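Hi everyone, thanks for coming.

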Amino acid sequence: MRHLFELLKRLDYIIVFIVLMAISIVLMVQNSHYQRSIVLNWTTAIVGSWTSRINTFSEYFALKAENDKLAAENAKLRAQMKESFLSYSSNTYVSEDTVYERRYSYTEAKVIKNSWTKRNNYIMINKGTKQGIKPDMAVISPQGAVGVVLNCTKNFSTIMPIIHASSQNSVSVSRTKTNGTLVWDGKDYRYANVIDIPTTYKLYENDTVVTSGMANDFPEGIPVGYVESFDAEKNNGFYEIKIRLSTDFNKLGHVYVVTDRFKDEQKELTEALQDQ
Amino acid sequence: MRGLIIRNIIRFIVLLFIQVFVLNNIYLGGYINPVLYTLFILMLPNRIGKIYMLLISFAMGLSVDMCSNMLGFHTCASTVVAFCRITFADRIITRGDDISIDMPSIFTVAPQYFIYYSGLLIFIHSFIFFTLDYFNFSDIFNIILSSILTTIVTLILVIMWQLIFIHRKR
């Protein structure tokens, strides 16, 4: 103890130095926006959970509430879009009110657990059966398709994202409307592969790949990604396409769970087909 | 002792004025921003002790910062310079001998050692200052280039200052 005290006495100027440095860095960080943002980025990268404690500025708390509100409003607006309604094309219905019947509704949810570095990634959201979430519902983000609900508890659900090694989804190239299958090789969360697109259709880089709506999970036309590279050299008649996913799984915050009101009807038909 | 304190206070104020009103407006070629006020830290008398040296350097940097509408940049650099002076730079001018030099200047130590000593400390100062200013590793070449050019210009100013003012006092 006495040695420690003597050591402290000898190193007193180092303690003063550290205190003064801390003061000057705090001054710097608090008074210049650029430096503050970079320091905050660093600390976020090191310990994500500490950021909220560092952000004691009230405006940031207000921002969070604002974000929640905006996400809820987006879900509401999305439900009013034309694509959310099923069109009755029959001429017998002429009344404006019944031309469209609601097909999709959207539930806003917050991602509370997310992984993107593994081969089999999962996402957990803060909505469950209590809020009407059921397995096999599609999940999308403002950027594009995310995945399919796997399991639900009362208040939480797990999602199998499209970056899951065993996920397979029906997609189409939006320009040519050719259908293919989206698979993921388990390596890089930013890229995925599309198979089963015949080489008879011409393909360009940066072609948009969207969900096809053929499998009864995703609504039609949700963006999935953009063609990064492709090759047709295997001579089996199909492209091997690498796409850049439009959803950034690293930065997933709010997602929307899509409720398809006609899913049961479609399922019944499919089952009837299989029974025959 | 009292004369020493008054002289240092005057030097503090004069250097602060020169730095804020003249040198901060100079930004030659976008690279050079001379920091003559480091002279004050370089010439602080050793007899005031390590803690006071740190505190006074901190105050010097803080004053320059507050007068030039930024906070923390000069403060940080000045504190580090004072710390470097305490820990190792003083050994350059004493050359490992036990003789202690109270106020390092071009007349109290051999000129080449003084230039080495002040060049090193001014480089440390400008390197830290520009690193904090750019705050981006991809600009490392700009930071080093700015630091070297600033060090050269500041060193010339420091030597000129000493030749003009210190010589007369002796």
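This is a predicted model: local features need pLDDT of at least 70, side-chain atom pairs count only at pLDDT 80 or more; totals for chains, interfaces and linings use all residues.

With that, let's start on chain B. Going along its sequence, you get α-α-α-α-α-α. That's six helices and zero strands. Of the 170 residues in chain B, 38% are buried. If you take the contacts in chain B with a separation of 6 or more, 64% of them come from residues 24 or more positions apart.

How confident is the predictor here? Chain B has a mean pLDDT of 84, and 91% of its residues reach 70 or more. Among the helices of chain B, helix 6, residues 140–169, has the lowest confidence with a mean of 85, while helix 2, residues 38–42, has the highest at 90. For the model as a whole, ipTM is 0.81 and pTM is 0.47.

Okay, where do the two chains meet? On each side there are 15 residues: 15 of chain A are in contact with 15 of chain B. On the chain A side, the elements that give two or more residues are helix 2 (12–31) and helix 3 (33–46) of chain A. Helix 2 of chain A gives the largest share, eleven residues. By class, that side of chain A has ten nonpolar, four polar and one charged residues.

On to the insides. The largest nonpolar core has 43 residues, and A:V139, A:I140, A:V224, A:V255 and A:V257 have the most contacts inside it. Strand 6 of chain A, residues 144–152, gives the most to this core, with five residues. Zoom in on A:V255 and you'll find that, leaving out residues up to four places away in sequence, its contacts include A:V111, A:I125, A:V139 and A:V146. There's also a second, separate core of 40 residues, which includes B:V35, B:L42, B:V109 and B:L121.

Staying on chain A, let's follow some strands. Strand 11 and strand 12 (residues 223–231) of chain A pair antiparallel over three bridges; there, A:V209 sits opposite A:G225 in strand 12 of chain A. Strand 12 of chain A is also joined to strand 13 (residues 240–245) of chain A by six bridges, again antiparallel. One of the partners to find is A:R244 in strand 13 of chain A, which bridges to A:Y226.

Last stop, two loops. Most residues other than glycine have a negative phi. You'll find A:K177 in the loop between strand 8 (169–173) and strand 9 (178–183) of chain A. Is A:K177 buried or exposed? With 10 other C-beta atoms within 10 Å, A:K177 is exposed.

A:D196 also has a positive phi, near 70°, and lies in the loop between strand 10 (191–195) and strand 11 (208–211) of chain A. A:D196 has 16 other C-beta atoms within 10 Å, so A:D196 counts as partly exposed.

Terms used:
Residues are numbered from 1 along each chain as its sequence is written. Chains are lettered from A and ligands numbered from 1 in the order in which they are written. Two residues are in contact if their C-beta atoms, placed from the backbone, lie within 7 Å. Helices (H or I, at least four residues) and strands (E, at least two) are DSSP runs, numbered from the N terminus. Ala, Val, Leu, Ile, Met, Phe, Trp, Tyr, Cys and Pro count as nonpolar, Asp, Glu, Lys and Arg as charged, and the others, Gly among them, as polar. A nonpolar core is a set of buried Ala, Val, Leu, Ile, Met, Phe, Trp, Tyr and Cys residues joined through C-beta atoms within 7 Å. A residue is buried if 20 or more other C-beta atoms lie within 10 Å of its own, exposed if 12 or fewer, and partly exposed in between; C-beta atoms are placed from the backbone. pLDDT is the predictor's confidence in each residue, from 0 to 100. Two strands pair if DSSP finds at least two bridges between them.
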